[in-house]
Amino acid sequence: MSLASEFTKGLWNRHPIFRLLLGMCPALAVSTKAVNGIGMGACVIFVLVGSNVVISLFRKVIPNQVRIPVFIVVIATFVTVVDLLLHGLAPEIHKALGIFIPLIVVNCIILGRAEAFAQKNDLLMAISDGLGMGVGFTWGLVVLGSIREIFGLGTWFGMKVIPEGLPTVIVMILPAGGFITLGFLLAAMNRIEHCRTEQS
Amino acid sequence: MAKKQFSDVQTFITLTLVCVGAAAVLALVDRVTQKPIERAEARKKEEALRIVLPPETASIETRSVPTGGGEIEVNLALDDQGQTIGYAISSSTDEGYGGDVEFLLGLDREGSILTYKIMNHKETPGLGDNLTSEKFKSQFKGKNLDNFQFKVAKDGGDVQAITAATISSRAACKALEKGLELFQEYRKAPGGQSSMESEK
Amino acid sequence: MLTYIILIINSMLVANMVFHYILGICPYLGVSRKIDTSLGMGMAVIFVMTFSSLVAYLIQILVLDPLGLGYLQTISFILVIASLVQLVEMVLKKYSPPLYMALGIYLPLITTNCAVLGVAILNIRKGHNILEVIFYSVGASVGFALALVIFAGIRERLALGKVPKSFRGFPIALVTAGILSLAFLGFAGLAQ
């Protein structure tokens, strides 16, 4: 259990979205554009690392019976901070992410890492874990968002990549497109894992 | 790692401290971000006004007149001689596909539509959000309540709806018509400025 | 009266929490393997969502707004929800142990059901009055329960069929949810 491995596990092996199947609401809802993935990812990294740090620092003084409410209050505080900061400093992103900013508080990834890891590990480990999970979540969102944006709108990060005249599949931008894309991505990940384990 | 056993009193105190601490942190952040948030909102309105008002606008004045329900606020565009060359008025509808759509209409000296900016919407990207496209907007240039029927062609009006986004198109019609009606009310009310008077 | 019926139809079908707002996906995918657990979960959600939205609304207009404490919305709302879920847990444990056992870990998961917090916040953002809050939340939660039960019915059948190995479990469930979402698009315009 090294610092580096705690970080990298969140990038693939224990990927929050694709392996742990957590945080799917924002993943599906926000991934209509690749750039939203970066915005949401950044927020989640902030909240995840922040709450992991606080919970890890105070883990010895948080009574077990009330740990869940305490975690929730800590997480909700960080979420509100990011909400206010975004509103004042990056209003465009704030509008794009909308209701899903306060909903970060119920993103199972964050509560999950607090419960499973941060309360049992020291500060540096907790930071590493939070960063890894956060970055993993971000790249997952960007991949999902990119696929949907390219096929649905013909752009990538706002730049036109599908020549004018070629049709785009609008469904990709709708909720249905999100579900189906994620389903296929998960199947693809499963396929990769099957091939890897069969080879070993 | 065994957890210390906490007494009920210690638990209660910890919980209270956590909540108070959280509230304090948030109150502080709220304080700090209030100004940036207000500034961001003001900047957004200013930018929008610059877009919808005539390019010769040198300064902008705000007037409001009381009406039955509350008051109507209109922004006057003044050229460098102090003459009124245009107006801006807000209008909104809740009949958009995704809910509320807020418009800022730019009107010329006679009260006909110059253009508009959509301030807020939740329409479907690629479909309903074509309400923001120049193509859809341009059909309203120079139109007012007397020379134009603000209904989609399907409903017997003059508006070319967006393909596959009839609901959004209908909502736009409602909002634009309402904006023009509000402007009429403003003109008729005492304190409302007619296009013939110059700024006092 | 008609406006309230329209409100319910809107939140239940046209703007369904799962298929339109994409809320409540974690429990949606987690619980919907069998119809009877879905029904139980659905009932619990209807209760928690409606009452938490009501209490959240009261807190917003009686405490947060008058005192200018809008920034405490997220914290106070989630605490309301967490408390209500605790309450439901205790009541179920006492009066219906089999249901309590069946729902298992899914009950506390209602706390992290983004649909519950989402609807509480949506009510405020849409500027509903107290009656509208009740009708909207009932419609939204019934819509969620509906989505859950329909989905469970489909998944029970799917489990018996031949699904490609990579798709088994969640992938095919997600694709199914996508198709259901498309189907629910058919309700668009119903409330107009």
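**Group meeting: three chains, two interfaces, a few residues**

Let me start with a cysteine. C19(B) is partly exposed, because its relative accessible area is 34%. On this scale buried means under 20% relative accessible area, exposed means over 50%, and partly exposed lies in between, with a 1.4 Å probe and protein chains only. Now take C114(C). At 7% relative accessibility, C114(C) counts as buried. How many disulfides does the structure hold over all chains? The count is 0. The test for a disulfide is a pair of cysteine sulfur atoms within 2.5 Å.

Some ground rules. This is a predicted model, where local features need pLDDT of at least 70 and side-chain atom pairs count only at pLDDT 80 or more, while totals for chains, interfaces and linings use all residues. Residues are numbered from 1 along each chain as its sequence is written, chains are lettered from A and ligands numbered from 1 in the order in which they are written, and side-chain values use heavy atoms, with hydrogens and water left out.

Next, the interface of chain A and chain C. Contact here means heavy atoms within 4.5 Å. Chain A brings 37 residues to it, and chain C brings 37 residues. Together they bury about 3100 Å², with 83% of it on carbon and sulfur atoms. Buried area is the accessible area, again with a 1.4 Å probe, that two parts lose on being put together, summed over both.

What about charge pairs? There are 0 salt bridges between chain A and chain C. A salt bridge needs a side-chain nitrogen of Lys or Arg within 4 Å of a carboxyl oxygen of Asp or Glu. Polar contacts come to 1 residue pair, both at pLDDT 80 or more. That term means a pair of N or O atoms within 3.5 Å; within protein, one must be able to donate a hydrogen and the other to accept it, and residues adjacent in sequence count only if both atoms are side-chain atoms.

Which parts of chain A touch chain C? Helices α2 (24-30), α4 (67-89), α6 and α8 (175-199) each supply at least two residues. Helices are DSSP runs of H or I, at least four residues, numbered from the N terminus. α8(A) gives the most, with 13 residues. By class, this side of chain A has 28 nonpolar, 7 polar and 2 charged residues. Ala, Val, Leu, Ile, Met, Phe, Trp, Tyr, Cys and Pro count as nonpolar, Asp, Glu, Lys and Arg as charged, and the others, Gly among them, as polar.

Now chain B against chain C. Here 8 residues of chain B contact 8 residues of chain C. The buried area is about 760 Å², and carbon and sulfur atoms give 66% of it. On the chain B side, L26(B), Y97(B) and I167(B) lose the most area, together 50% of what that side buries. Salt bridges between chain B and chain C: 0. Helix α1 (residues 8-52) of chain B provides the largest share of its side, 5 residues. That side divides into 6 nonpolar, no polar and 2 charged residues.

I109(A) sits in helix α6 (residues 108-116). Its relative accessible area is 1%, so I109(A) is buried. Beyond four places in sequence, I109(A) contacts P16(A), L22(A), G23(A), L48(A) and F137(A).

H94(A) belongs to helix α5 (residues 91-97). Buried or exposed? H94(A) counts as buried, at 16% relative accessibility. Outside four places in sequence, H94(A) contacts D83(A), L86(A), H87(A) and I101(A).
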